[in-house]
Amino acid sequence: MRNKLNFTSRRQVLAGLSATAGALALPACVNSSEEKKHYDTIIIGAGLAGLHASRLLEEEGAELLILESNNRVGGRIFTMDDVPSSPDAGGMEIGQMYARARSTVNDLNIQLAPFPTSPRGMTINIDDHSTTMSNWGDWEYNPLPESIKKTPPFALMRSATPTPNPLVELDSWLEKEAQQHDLPLSDYLKNIGDSPLIRDMIDISLQGDKLENISILGELRKGRIGQFERSNGPSEMVVGGASRLPEAMAKSLKSSIFFGKKVTRIERNGNKSIFTCEDGSEYSANHVICTLPYAVLKNISIKPELPELQRRAVNEIPYLPATVFYFTSSEPFWEEDGLPPTMWTNSTIERVFALASIDKPVAVFWGLINGNNAIAFDKLSRAAQENLIISEMERIRPACRGKLSLHKIHSWTASPHSRGAWAYWKPGQITNFSKVYHAPHKNIHFAGEHTSTFAAGIEGAFESGERAAFEVLGI
Ligand SMILES: Cc1cc2nc3c(=O)[nH]c(=O)nc-3n(C[C@H](O)[C@H](O)[C@H](O)COP(=O)(O)OP(=O)(O)OC[C@H]3O[C@@H](n4cnc5c(N)ncnc54)[C@H](O)[C@@H]3O)c2cc1C
């Protein structure tokens with residue numbers, strides 16, 4: 001048994017991974033040799049963070065096992081291959097500055113491409129009336145006060161937050177000086193005028209449950225990362241769907257991935273950790289990388305328990321409720337009513353995006369419901385959800401009557417593998433938890449987008465997997 005694996009430096013680990021990636025053609029074994037129970041390192045979760053950590057550790061000769069609760073790799077990367085034009089339900093945009101993700105894409109010969117363009121513009125729908133974004137400012141049904149009338153509803157919150165962004169570097173959000181911004185987002189509403197009407201409009205694209213529960217500092221951090229990404233050009237997509245990336249990463253591994261293994265308990269025993277899965281199976285390892293979203297981890301028993309502050313971070317850091325749905329239209333109803341197919345609505349179906357494919361400017365519609373509306377939507381029966389989507393679409397866009405086919409609904413919140421779309425910070429949480437949000441506990445190292453420091457989303461998952469792998473390697 002090794003406590004530290006043979007290595008020389010972080011740079012060499014990364015260089016080695018890149019050199020051998022193309023040569024590793026063995027598929028990841030699926031539930032192949034269950035007799036073996038003890039490993040150098042066990043990785044919990046075969047999302048991007050877990051797969052990236054696995055590739056780095058394997059390069060250093062580690063003997064690994066990956067335990068995955070789902071029946072597929074990728075986690076919150078999930079291409080809907082059974083929906084026309086295979087849209088993505090989770091992460092899809094690869095930013096130009098996603099260095100680790102792009103390096104892996106290159107190693108594995110995956111193709112990136114610009115997103116195909118769908119028709120320009122956006123329909124804004126309020127109750128029974130619709131207009132276009134370009135006519136919004138002068139629209140008779142625009143309910144906003146004169147001072148902000150021209151601001152589109154989805155940009156209201158952005159227009160209330162300070163410019164220039166006070167965070168200078170990508171990790172400035174962790175500095176003491178930044179803590180003065182760790183306040184409720186609702187405090188900034190005074191900049192544009194607070195009213196139930198403005199709150200309702202902001203709520204549609206809010207990345208959390210309510211304004212009082214979102215930290216301004218967390219939003220400033222996202223803004224800083226977004227600025228960094230946009231300054232280097234538009235994002236790209238994985239040709240064939242984002243799932244092709246984690247699938248290729250899994251295929252490049254020699255280690256086993258055991259699917260359907262929902263870890264329910266991690267217990268330290270001497271120098272090793274014992275894992276118990278829901279099906280009663282047990283495994284042990286010297287090192288653990290746990291990539292589970294905190295919304296999932298908080299229901300897993302860890303012995304000895306995490307220190308009090310870290311336990312609070314795991315229990316209290318919230319996840320964005322989000323549900324996505326997909327439909328197609330047998331005819332171009334947007335040509336009939338003359339409005340852009342992409343829509344921002346104040347209906348409970350919130351936002352609907354027209355997605356293009358290589359050969360069709362509108363191949364499929366992607367609906368995205370966030371926050372409290374997503375929670376309410378998830379409580380409906382499947383039949384009621386389908387009925388709501390179609391009836392709301394037909395009310396908002398009468399020209400689509402009888403033309404829509406609903407293909408799929410996926411709730412990230414209801415999924416036991418994720419329990420939400422992504423982590424966000426409540427006011428005061430960055431100040432309270434910044435020292436512990438990815439601190440190792442005994443031989444458990446934490447990874448996953450929620451534990452990243454510099455990047456977010458897909459690149460955040462890669463960054464965190466790399467950090468956790470280096471922690472295991474002791475470098
Ligand atoms: C709707 C949506 C849109 C997004 N868009 C973008 C985007 O365009 N660009 C971007 O950069 N990011 C985007 N993201 C974020 C990005 O997808 C995630 O940040 C990233 O995929 C997270 O990877 P991860 O490895 O940290 O976590 P996950 O992908 O969640 O991996 C965790 C893994 O653990 C497994 N697991 C869970 N519980 C257990 C258990 N008990 N035992 C064993 N295994 C378990 C899960 O099944 C999963 O495979 C989006 C996310 C969503 C939901």
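Let me begin with the ligand: the shell around it is made up, by class, of 18 nonpolar, 14 polar and 6 charged residues, where Ala, Val, Leu, Ile, Met, Phe, Trp, Tyr, Cys and Pro count as nonpolar, Asp, Glu, Lys and Arg as charged, and the others, Gly among them, as polar. Please keep in mind that this is a predicted model, in which local features need pLDDT of at least 70 and side-chain atom pairs count only at pLDDT 80 or more, while totals for chains, interfaces and linings use all residues. Residues are numbered from 1 along each chain as its sequence is written.

In total, 38 residues surround the ligand, and the closest are G45, G47, G75, G91 and G457; a residue is taken as near the ligand if its C-beta atom, placed from the backbone, lies within 6 Å of it. The elements that contribute two or more residues to this shell are α2 (48–59), β13 (322–329) and α14 (457–473), where helices (H or I, at least four residues) and strands (E, at least two) are DSSP runs numbered from the N terminus.

Which element gives the most to the shell around the ligand? That is α14, with 4 residues. Helix α14 has 17 residues and spans 24 Å from its first C-alpha to its last, close to the 24 Å expected at 1.5 Å a residue, the expected span being 1.5 Å times one less than the number of residues. Of the 17 residues in α14, 15 are buried, so the helix is mostly covered; buried here means that 20 or more other C-beta atoms lie within 10 Å of the residue's own, exposed means 12 or fewer, and partly exposed is in between, with C-beta atoms placed from the backbone. After α14 comes G474, with a positive phi near 75°.

Now to the core. The largest nonpolar core has 119 residues, and those with the most contacts inside it are I42, A53 and L67; such a core is a set of buried Ala, Val, Leu, Ile, Met, Phe, Trp, Tyr and Cys residues joined through C-beta atoms within 7 Å. Here again α14 gives the most, with 7 residues. Why does this core lie between domain 1 and domain 2? It lies between them because domain 1 (10–75 + 240–317 + 421–473) and domain 2 (151–230) both give residues to it, with the domain bounds coming from an automatic or database domain assignment.

Let me turn to the strands, where two strands are said to pair if DSSP finds at least two bridges between them. Strand β2 (residues 38–44) runs parallel to strand β11 (residues 282–290), joined to it by 6 bridges, with I43 opposite I289 and I44 partnered by C290. Strand β2 also runs parallel to β3, through 4 bridges, and there I42 stands opposite L65.

With strand β10 (residues 272–277) it pairs in the antiparallel sense over 4 bridges, and I274 has S284 as its bridge partner. These two strands, β10 and β11, form a hairpin with 4 residues between them, and G280 in the turn has a positive phi of about 90°. Strand β11 also pairs with strand β18 (residues 444–446), in the parallel sense over 3 bridges, and C290 stands opposite F446 there.

I will finish with some backbone details. Most residues other than glycine have a negative phi, and most peptide bonds are trans. The peptide bond from K303 to P304, however, is cis, with omega near -5°, and P304 lies in the loop between β12 (301–303) and α9 (308–316). S86, which is not a glycine, has a positive phi near 45° and lies in the loop between β3 (64–67) and α3 (99–107); it counts as partly exposed because it has 17 C-beta neighbours inside 10 Å. K442, likewise not a glycine, has a positive phi of about 55° and lies in the loop between α13 (429–433) and β18; K442 counts as partly exposed because it has 15 C-beta neighbours inside 10 Å.
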